[in-house]
Protein chains: 2
Amino acid sequence: MAQIRPHTLSGFMELLPEDQKKMQRVMATLRESYALYGFTPLDTPVIESADVLLAKGGGETEKQIYRFTKGESDLALRFDLTVPLAKYVALHANELTFPFRRYQIGKVYRGERAQRGRFREFYQADIDIIGDGRLDIMNEAEIPAVIYRTFHALGLKNFRIRVNNRKVLNGFFALLGLTEKSGDVMRTIDKLDKIGPGKVRAVLVDEFAVEPEAADKVLEFISFPGTSAEKLAFLRRYEGKNETFDLGLHELATVVEYVGSFGVPAENFEIDLTIARGLDYYTGTVYETVMTDHPEIGSICSGGRYDNLAGYYTDRTLPGVGISIGVTRLFYVLQEQDMLSKDILTAPAEAVVIPMDTDCMAFAVETATALRAEGVKTQIYFENRKFKQKIGFADKSGIPFALIIGGDEAAAGVVSLKDMAAGTQEKLTPAEAAAKINAALALRRRAQAIRG
Amino acid sequence: MAQIRPHTLSGFMELLPEDQKKMQRVMATLRESYALYGFTPLDTPVIESADVLLAKGGGETEKQIYRFTKGESDLALRFDLTVPLAKYVALHANELTFPFRRYQIGKVYRGERAQRGRFREFYQADIDIIGDGRLDIMNEAEIPAVIYRTFHALGLKNFRIRVNNRKVLNGFFALLGLTEKSGDVMRTIDKLDKIGPGKVRAVLVDEFAVEPEAADKVLEFISFPGTSAEKLAFLRRYEGKNETFDLGLHELATVVEYVGSFGVPAENFEIDLTIARGLDYYTGTVYETVMTDHPEIGSICSGGRYDNLAGYYTDRTLPGVGISIGVTRLFYVLQEQDMLSKDILTAPAEAVVIPMDTDCMAFAVETATALRAEGVKTQIYFENRKFKQKIGFADKSGIPFALIIGGDEAAAGVVSLKDMAAGTQEKLTPAEAAAKINAALALRRRAQAIRG
């Protein structure tokens, strides 16, 4: 037969079974955590009409998008989950109840230049809260709680949620007469982590013609050190001079005020006045989340408040707040840092039943059926091989328990339960074996995805 | 702002939140059920190189496939989960342990003519067991157990798993001298349900030049009535005349022999000699599953045994057996038949905390935090609206419990827990409220997806 070389496209993650199991645990934790906060699951098509996806148009998006025709249709693959959400909410506004809280975990596509750790197909895990006409600041205050709970449940220990408020920045820029340049200033200070303060100052002055003195004041402002309380006290010095600033300060203070009631420990949260976010559409609170032991990785969960989600599709004003986790990238980084849990059972099953010969097959099948009825993930090794190969399968697969059944066992209605790690073996009834396995695996079944 | 009409492509399922929750339950049940039988989860890219996906080439596939270029690359969207599995196993054969049992639930794409109930993007939920060189018949015997357990767990009552064996059919065709026409005969009798015996006979005789007498014998053979035991007895009359037939009969008898040990009730299983399946690559046991109250829907879970999964990619012989559920189509049919459970909670949350004013906000947030810590899916209604609108949100969302918090409640550290369906209200601490909600919802949380 003429053969084709099997290969997977570059930039497309395809995991081996053991890692896929870990990824599955990450996904399950995200779903469970998002649902706990009253977000409803949503699933939208991967393919949309190109005019819908590109309603906003222009920029990097258009270059990276996977776009093609099928028959008469101009189609494209979604490049994020926000545009499909905007479409969904505009299309179904009359059938939804607002505020509308949804989560979505799905694959998105960007034809980026292939390089290590960059993916063209990757999972995003988003939550958004969409209001009809207005949306209370308390929704913004709740987001850090969802971020905290999610990473805590994943098992991550050293991370910090950083918040800022764009109104505070825009208000301060206005005080410096920089209102018309605020977008440029915002995008420049967003690069502070990457390029450093000297370069930020240079870009502001040279590229955007910001007065050197104003550039210094911007840098001084965003770099003010201290705790969240100290930063709020610092910001209050500017109160009463600009309406936008005052509103932003009030919003930021509200977010800080309730963060404790929401159960977020102080060490996992801080105001960071340097957070600006690159995207133009944020208008209030903005969020980033960093792994404090690995600042070089950058933000692993980002988002913010926007005032008009679906303006490209509807006249209805739909303000919202949302965050996104780039799951595929995060998983890749955790793999690289050897931070994925070793406790998660990565074998295909928790138990394998091994009949010694055909005569004990019926009892082997009944044993597996009994184990499954008790919730034990069980397979049967059916192949007619030597015992060494049969037990070798359990070993090689990493299946923790083997239930060996020979003629004597089948006649007595018992199994030889072998604990593969301990190497111990004992004769038990199938029911006793199931109870023993369930007890032994209780902890591992709840293992967190990340050790860290 | 220039606006684009928001729309979703025809042939692409996009559910409202309530239905999405039901779909979510279907998906969770499939994952859980497949995993219980020791199948490991797999996830492969939606996009593959076109030469990989079309290695087999030709036919309907090529016409329906979504194929496009990006840069220099000739790409295509997967049209099933079997070809990507073949690629995966060929590519990673040295890193896998055989028999390799995997499940995969994912979207696939076929540019079919748009019509009611036909989807261009749809979920398939597949399991396959792949052997290295050989694979014991017991693996085929186990598949009905997975099918039974899966639909049983979904809540479906009236369904029947029908099995046949292609070797039995091919052996019988050989006895009639039809070996060279066996593919055509197989594909024709596969249409028996749709076109009836008269038409099948006509096609066999007129189109494929089968002797009328032979055609009659084929129809008589496959239509033999009775229980599985009676059909086996009937088949034994032909034993000893053809090696393929004898092997098929032995396999079919083995599948029937163990079905009870695997926990499949007799009424959910039968031999059906008319089952042939259209696909050429099946070589042994074939499966279909019908809803006995809705035979017009056709098979909701089909599959079979194949001798060489990945011949287009590798010289390694990889026999297997697998089944596939077309989840999107199944869900659509269940919706149409009003067979989706009414017990599943389709609201975004199980409880909504309603603070009467800003003064009780901190206690409201603490209450929500306490509920979430006890596993209650909770949201807080933050918007500054009249009480009627606040409680109206709970009502309209279908959230079963509202926790109303006014100044008195906040001062006393209690909430007014309102059971929205019963209309009753009582003052409880947050911990008491959480316990009450958890007890009340225990059954609904385990509700099956299908009623029927």
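# Briefing: a predicted two-chain model

P99(A) is found in the loop between α4 (82–92) and β5 (100–109) of chain A, where helices (H or I, at least four residues) and strands (E, at least two) are DSSP runs, numbered from the N terminus. The model is predicted, so that local features need pLDDT of at least 70 and side-chain atom pairs count only at pLDDT 80 or more, while totals for chains, interfaces and linings use all residues. Residues are numbered from 1 along each chain as its sequence is written, chains are lettered from A and ligands numbered from 1 in the order in which they are written, and side-chain values use heavy atoms, with hydrogens and water left out.

**Backbone details**

- The peptide bond that joins F98(A) and P99(A) is cis, with omega about -5°.
- In chain B, the bond from F98(B) to P99(B) is likewise cis, with omega near -10°, and P99(B) is placed in the loop between α4 (82–92) and β5 (100–109) of chain B.
- D338(A), a residue other than glycine, has a positive phi near 55°, and it belongs to the loop between α12 (327–336) and β12 (351–355) of chain A.
- As background to these details, most residues other than glycine have a negative phi, and most peptide bonds are trans.

**How the two chains are related**

- The same surface serves both copies, since 100% of the contact residues of chain B recur in chain A.

**The interface**

- Contact, meaning heavy atoms within 4.5 Å, links 102 residues of chain B with 102 residues of chain A.
- Chain B and chain A bury about 8,800 Å² between them, 58% of it on carbon and sulfur atoms; buried area is the accessible area (1.4 Å probe) that two parts lose on being put together, summed over both.
- Between the chains there are six salt bridges, each a side-chain nitrogen of Lys or Arg within 4 Å of a carboxyl oxygen of Asp or Glu.
- A salt bridge joins the side chains of E14(B) and K87(A), at 2.7 Å from N to O.
- On the side of chain B that touches chain A, the largest share, seven residues, comes from helix α1 (residues 17–36) of chain B.

**Sheets and strand pairs**

- In chain A, eight strands form an open sheet of mixed pairing, in the order β1-β5-β6-β11-β10-β9-β7-β8, where two strands pair if DSSP finds at least two bridges between them.
- The edge strands of this sheet, each pairing on one side only, are β1 (40–41) and β8 (269–271) of chain A.
- Strands β9 (residues 282–291) and β10 (residues 302–306) of chain A run antiparallel and are joined by three bridges, with Y282(A) opposite Y306(A) in β10(A).
- In chain B, four bridges pair strand β14 (residues 401–405) with strand β15 (residues 415–419) in the antiparallel sense, and A402(B) stands opposite K418(B) in β15(B).
- β15(B) is also joined by four bridges to the antiparallel strand β16 (residues 425–428) of chain B, where L417(B) stands opposite E426(B).
- The hairpin of β15(B) and β16(B) has five residues between the strands, and G423(B) takes a positive phi near 80° there.
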